[in-house]
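The entries follow the order in which I looked things up.

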Amino acid sequence: MMEAKRYHPLNILFDLITQVKHLFFPALILFVFNYDSTNAFITYGRIVFYIYVVGMLVYLVLKWISYKYRLDDTAFHLYEGIFTKTKQTIPFTKIQNVNRHTTLLHRIFKVTSIRFETGMVGDDSSVEFAVISVIEADRLDAGAKGKEGDATSSEEISTPYTTPERIIHFTPTKKEIIKASFTSLSFLGMITLLVWAYFKLTEYIDVEEQVVGIYSLITSSWTWITLTAVGLLVLSIVFGMVTTYIRYGKYEISSDHERIYIAKGVIEETAFSIAKERVQAIKIKQSLLKRMLGLAEVKLTVVGGDSDSDKDKQDVSSLYPFLPVKRAYEMISEILPAYEVTEEMTSLPQKSLWIRLVRSSWIWIIGTGVLSYFKPNIWGWEQAWWVISIALTLLILAFEVIEFTNTRYTLNDHFIQFQTGSLTTTLFVSKREKIIEVNVKRGLLQKQLGLASIKTVNRAKPVSHKGVTDVPIELAEGFYQWYMGRRKEIKVE
């Protein structure tokens, strides 16, 4: 059993850096912009600033002295509070995902951060160590998996705990990184960066005359226009490739018999693991551009996702976002052999299209009514409103036809699978035993045409609701009976 111990002393430095960020602008106002001011407000403000800084330093030191943790064979025990002491116990059985995040500052000091996520809410939602040595992180990870003895032995010989042998399923090639940079449209970030830099410069320097001069020079001849366009295009492509490589260059997806592991990041490293038994469903998403390039993103609906975390940590349920479609299907069967993904699905009947068109016609009716009332004059053309009305009609028809064509479903002994969406499609796959609730609804028009809407509910944070509208009533009835067979599969802990 591990004795209660203090957190890593570098926690003081990391907390101090966070506080410095908050104090930067007040310090700028008090000591830079008003450095020679004798105003009473500034004078007293500086006194308050000094008192706050001293108090903050004392608090950070006392916090490090008072806050402790330990783990035994079954749980984490956290001891917090400087004057009022509290004890928190998080059982290992509640831990579902383990995430590591190593920023550039962590790497400089050869430390990392680790967070154990649970399926609970509030203060018990996670156990986080913002700064911790790599060896200690390995030991806590091993202890949470019931392997504390192995972890302790590894610490005694000053080597990290070795995880079970993993199978590497995917690492992106250079070609895939280049394809990802175009698919993610990261090259457009160059434009955003230039605009941001221009407005930042105008805050401190009058650059309007220089910009006008540069613009006049560029537009003075086709040679300059061509050279500028080519230069910006090359810079944008290079920028996109570099930013994509920084984020996905060291991406690795691996697994053992219990967990899925994902590691990514070149400058800032993120590594997390997901227990296979916690996967509730699989979603394969494809945008229009990804469909054209034969790529897809596989996302896992997982119990215990932390919706309050930042973007990198929030992506714990997402595999590589630019997987070749065939490789995505193969990887699912490799990583999660208990799941089945089939490419053969049933399309909706023709009457489903008609009810969808009727349902969306109100958009056209309202839009046309507004246009006929105001009759906007566009470029001097008084009859433009009815052209817009026709364009709106065609747009609605196109979206409904595309979504109808993309919507498919299949139902077998233990799995349900359906695809929905128009420009962006989502293929959803879940096991019957992982679905906690089903819903079948029928509207008035659906009753007349023998159609219904079905919906599944899976455990997640937040709860995942997925479904298909306007399926044949025969499927809806069979869907309910299919779910009743879950009684033979569920296990009560």
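In which hand, left or right, does α6 pass α9? I found a right-handed crossing, where right-handed means that the near helix is turned clockwise from the far one by less than a right angle, and left-handed that it is turned anticlockwise.

Before going on I noted the conventions: this is a predicted model, in which local features need pLDDT of at least 70 and side-chain atom pairs count only at pLDDT 80 or more, whereas totals for chains, interfaces and linings use all residues. Residues are numbered from 1 along each chain as its sequence is written, and side-chain values use heavy atoms, with hydrogens and water left out.

**Overview.** I counted 16 helices and 21 strands in the protein chain, taken as DSSP runs numbered from the N terminus (helices H or I, at least four residues; strands E, at least two). Of its 493 residues, 40% are buried, that is, under 20% relative accessible area with a 1.4 Å probe, protein chains only.

**α6 and α9.** Helix α6 (residues 174-183) and helix α9 (residues 222-248) pack at about 115°, with axes 9 Å apart; the axes are lines fitted to C-alpha atoms over the stretch in contact, and angles run from 0 to 180 degrees between N-to-C directions. α6 is therefore roughly perpendicular to α9, a label for angles of 65 to 115 degrees. I listed I177, I178, A180, S181 and F182 on the α6 side, meeting I237, G240, M241, T244, Y245 and Y248 of α9, with contact meaning heavy atoms within 4.5 Å. By class this contact has eight nonpolar, three polar and no charged residues; Ala, Val, Leu, Ile, Met, Phe, Trp, Tyr, Cys and Pro count as nonpolar, Asp, Glu, Lys and Arg as charged, and the others, Gly among them, as polar.

**α12.** Which residues of helix α12 (residues 325-335) are buried? I found A328, M331, I332 and I335. They cover an arc of only 105° around the axis, which puts them on the same side of α12, the arc being that of the directions from the helix axis to the C-beta atoms. These buried residues pack against several strands, including β8 (167-170), β12 (279-286) and β13 (295-302).

**I396.** I then turned to I396, which is found in helix α14 (residues 384-406) and counts as buried at 15% relative accessibility. Not counting residues up to four places away in sequence, I396 touches S360, I363 and W364. I396 and S360 are 36 residues apart in sequence, yet 7.4 Å apart in space, C-alpha to C-alpha.

Note on methods:
Angles under 35 degrees count as roughly parallel, over 145 as roughly antiparallel, 65 to 115 as roughly perpendicular and the rest as oblique. Buried means under 20% relative accessible area, exposed over 50%, partly exposed in between (1.4 Å probe, protein chains only).
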